[in-house]
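Visitor: I am new to this structure and would like to learn how to read it. Could you walk me through some features, one at a time?

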Amino acid sequence: MTISPFTDKIVAAVMRRFGAPQPVSPQAVKTADILSDIARLSADDALARLKTTADGLSAEEADARTELYGPNQVAREDSKSVPEQLLRLLLNPLNIMLLVLAVVNFVFLGDFESGGVVTLMVVLSVGLSFVQENRSNDAAAKLRDMVSTTASVMRRGDDAASGVDARKSVRHELPIDELVPGDIVWLSAGDIVPADLRILSARDLFVNQSALTGEAMPVEKFPVMTGDANVGLLSMPTLAFMGSHITSGTAKAVVAATGTQTYFGSLAKSIVGARPQTSFEKGVTRFTWLMIRFMLVMVPLVFLINGVTKHDWTEAFIFAMSVAVGLTPEMLPMIVTVNLSKGALAMSRKKVIVKRLNSIQNFGAMNILCTDKTGTLTQDKVIMKKSVDLQGEENDAVLQYAYLNSFYQSGLKNLLDVAVLDHVDIRKDLHIDDQAYAKIDEIPFDFVRRRMSVVVSRNATREHILICKGAVEEVLNSCVKGELDGKPFDMTLAHRAETLKLAQDLNEDGFRVIAVAHKDMPPEQTVYGVADECDMTLIGFIAFLDPPKESAAPAIAALESHGIKVKILTGDGDIVALRVCKDVNLKVEGVLLGNDLSNMTDDELVRKVEHTTLFAKLSPAQKARVIGALHTNGHVVGFLGDGINDGPALKAADVGISVDTGADIAKESSDIILLEKSLMVLEEGVLEGRKVFGNITKYIKMGASSNFGNMFSVLGASAWLPFLPMLPIQVLTNNLLYDFSQTTIPTDNVDEEYLTAPRKWDIGHIARFMVFMGPVSSIFDYMTFAVMYYGYGANSDAHAALFQTAWFVESIVTQTLIIHVIRTGRVPFVQSRASWPLILTTVAICTIGIALPFSVIAHSLGFVPLPWTFWPVLAVIIAAYMTLAHLVKVWFIRRYGWN
């Protein structure tokens, strides 16, 4: 398999410390090395390395660094000028072909009406697409502008005019884009991390990095390295990264990298540029080239046959050009754009922004939906799910101790504390009277002990209770007893092993586990310290998780019922992801981890992705690589994601879907933005896409088969008759009326069974339908020829007008009516009826076609009145044609299916 240039750009931008070694730019490697080195230095050494101080930079130093490093901005899609946008929409093979034929109409045929219609179709198509895309992009931009854009920065003075001593540090609220390396910033709960930072000091600092890593749980950050010093860059505890946000606690940090030098910036820069062609765009292009190749064969043949047999090469050329115009699906841009706009309008009523019109059809063609986990399938919110004793049974006493610890601790409460308090609030059957207790003292959390304690007294008895909660091993190491059913027991080695096994089982089930212990203290003691956290009694565990959205399970079930496989692509671990899959009833066929994926060749991955449901611990580049492998296997792939790490995958997919709460980079890379939390709108989008595609293919199948049949008729008649079978102006009039009859196709109904499976472009299917259905119309054209030639004696130049009029009427009526056969796989008019607008235009065009030979403009068009005996014959021909066309269609569906 060959990775697309787009994927190459993403792979080239990923830091070498994420997953297996990947080719990266020298600048990316340099940035990763600098951040990695700074992370391992002490706070003072980090400041020295960045040539700054704990009091921040002076205004002059900041200005100099702005000149050196540029503004703190990441790359994003360049805003195209109006002419550039219009030119992009105009330059595709179909529009170019139509404009060439418009020139032929204007210059060679002198037919300004037909040339004007063709030009108008192109203008309408380009104009509607331009208006829709700009309206959607404006809505997306408004969402983006809602994000906070300032940071709390310490600078040493301003300038002489400010009156501030340059030696004195002052805190400012500055725009994020004014930050430079070496700036000192202050962080607190709710802040977006404005750059890549080195933590200098922190208090209970928890950072949500799910947008970067896919891991739902906030991670704690410290001013010094803890644990394994060889972890990946994003796992380093002393670094906070642009694009993440503070969930609890406070910190002081120094800016280590800004703009495109940040991890976020390098990723954003890698996805800016041209998008790969989607399934829809490839399909339209392939169909256009099919028709161009068809014209290149048929038009010269028509020209040569008529030139040789009629000996009037000028007339033969004009007729051949008229045939070329008749063969052209000039209504396709309008039909496509109106269908897509109608779909976008329907989706907007469901609070969905469609940024790119083509994505509506790709929705319908999608047969695999890849989705991130955090924030898309899950709520990206930590909730407390369990409070269990040492045997794993639900226990309210454990919850009560945990509640008192969280309730009485001072300062900002982290997400886990909030989850405990919220859990008790929603428990209607449990009442904890916090007024029955009084707080005595608190032993704050620190990153060495990894636990915190509060001491409370029971008002009734005045006895003191130390309640401790924290990391399992750290709390367990301070316990000498366990408690079960209110009875203490000595914590033996066997008990310790059983306790750790219980915590491990909870971890493997996707929970984050916190241990809870207590200790009775003397009532006369009023001051407590770390030394008191010993000889405690372990009573149980509280467990947390990021729950799935309520709509996730029914949405996945609905998608699978419509023939769409769902695959999970997450940066989070496989254990947590498997838990989510279980909660949303997604059957996991296979699991592939990022490290294993990076060791696979492209061919191995192409085979593996077909039988894998869960892809875990993936880097952004690996997500895009999985989508590329699915594309190689011929799938139309959607991707649902909301994080920074989802940007490459959103752009690589045929349809990228994000949510309004997603990261800016995700919304910019997406085709569709969901404004509501419910994922059920995905099913509605799929059905809308299939309706759009169904109506587009009705026009394509009908136009292609009718044109193919007409050319057989034209070739035979040209070789047989001593005159033209139809005058050039009659060909163009026929084409104009036929085109008008198709303008209401976007309003048509689509059969329910058509919506049950993914629909995508299949040029081979269209070509087969054209080959089998086209000659059916030729049979009845030749029947009309025979009736007029032999029955009415229209076999010489003197009676050419009668022949031409009869074929014109038969052609326009049969072409207009045949849409009712082709539009459905059922019996037309009986089992499936068209929309009223389509029925009305059909009746109107047939009426006009029949009336034209008797109208005041009949002579100028070369028509003559038809004898009354012709009309019963025409009715029989039409009925026979409709019947045979339906029978051939039924045979075709049984043999080749219905796409």
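Guide: Buried means under 20% relative accessible area, exposed over 50%, and partly exposed in between (1.4 Å probe, protein chains only). This is a predicted model, where local features need pLDDT of at least 70, side-chain atom pairs count only at pLDDT 80 or more, and totals for chains, interfaces and linings use all residues. Residues are numbered from 1 along each chain as its sequence is written, and side-chain values use heavy atoms, with hydrogens and water left out.

Visitor: Where is serine 778 found, and which residues does serine 778 touch, not counting residues up to four places away in sequence?

Guide: Serine 778 is found in helix 27. Helices (H or I, at least four residues) and strands (E, at least two) are DSSP runs, numbered from the N terminus. Leaving aside residues up to four places away in sequence, serine 778 touches Gly709, Phe712 and Ser713, where contact means heavy atoms within 4.5 Å.

Visitor: What polar contact joins the side chains of serine 778 and serine 713?

Guide: A polar contact is a pair of N or O atoms within 3.5 Å; within protein, one must be able to donate a hydrogen and the other to accept it, and residues adjacent in sequence count only if both atoms are side-chain atoms. The side chains of serine 778 and serine 713 are joined by one of 3.5 Å. A polar atom of the serine 778 side chain also lies 2.5 Å from the backbone oxygen of glycine 709.

Visitor: Is aspartate 654 buried or exposed, and where does aspartate 654 lie?

Guide: Aspartate 654 counts as buried because its relative accessibility is 5%. Its place is the loop between helix 23 (647-652) and strand 23 (655-659). There, its side chain makes a polar contact of 2.9 Å with the side chain of histidine 631.

Visitor: How should I read two packed helices?

Guide: Two packed helices are described by the angle between their axes and the distance between the axes. Here, the axes of helix 28 (residues 800-817) and helix 32 (residues 870-896) come within 11 Å and cross at roughly 35°. Axes are lines fitted to C-alpha atoms, for helices over the stretch in contact, and angles run from 0 to 180 degrees between N-to-C directions. Among the residues making the contact are Ala806, Val809 and Glu810 of helix 28 and Phe870, Trp871 and Leu874 of helix 32.

Visitor: And how do I read a pair of aromatic rings?

Guide: A pair of aromatic rings is described by the distance of the centres and the angle of the planes. Rings of Phe, Tyr and Trp (its six-membered ring) pair if their centres lie within 6.5 Å; planes under 30 degrees apart count as stacked, over 60 as edge-to-face and the rest as tilted. The structure holds 25 aromatic pairs. For phenylalanine 785 and tryptophan 807, the centres are 5.0 Å apart and the planes at 75°, so the pair is edge-to-face. Phenylalanine 785 and tryptophan 807 are both buried. Phenylalanine 854 and tryptophan 871 form a tilted pair, with 6.2 Å centre to centre and 40° between the planes.

Visitor: How many helices and strands does the protein have?

Guide: The protein has 32 helices and 24 strands. Of its 899 residues, 57% are buried.
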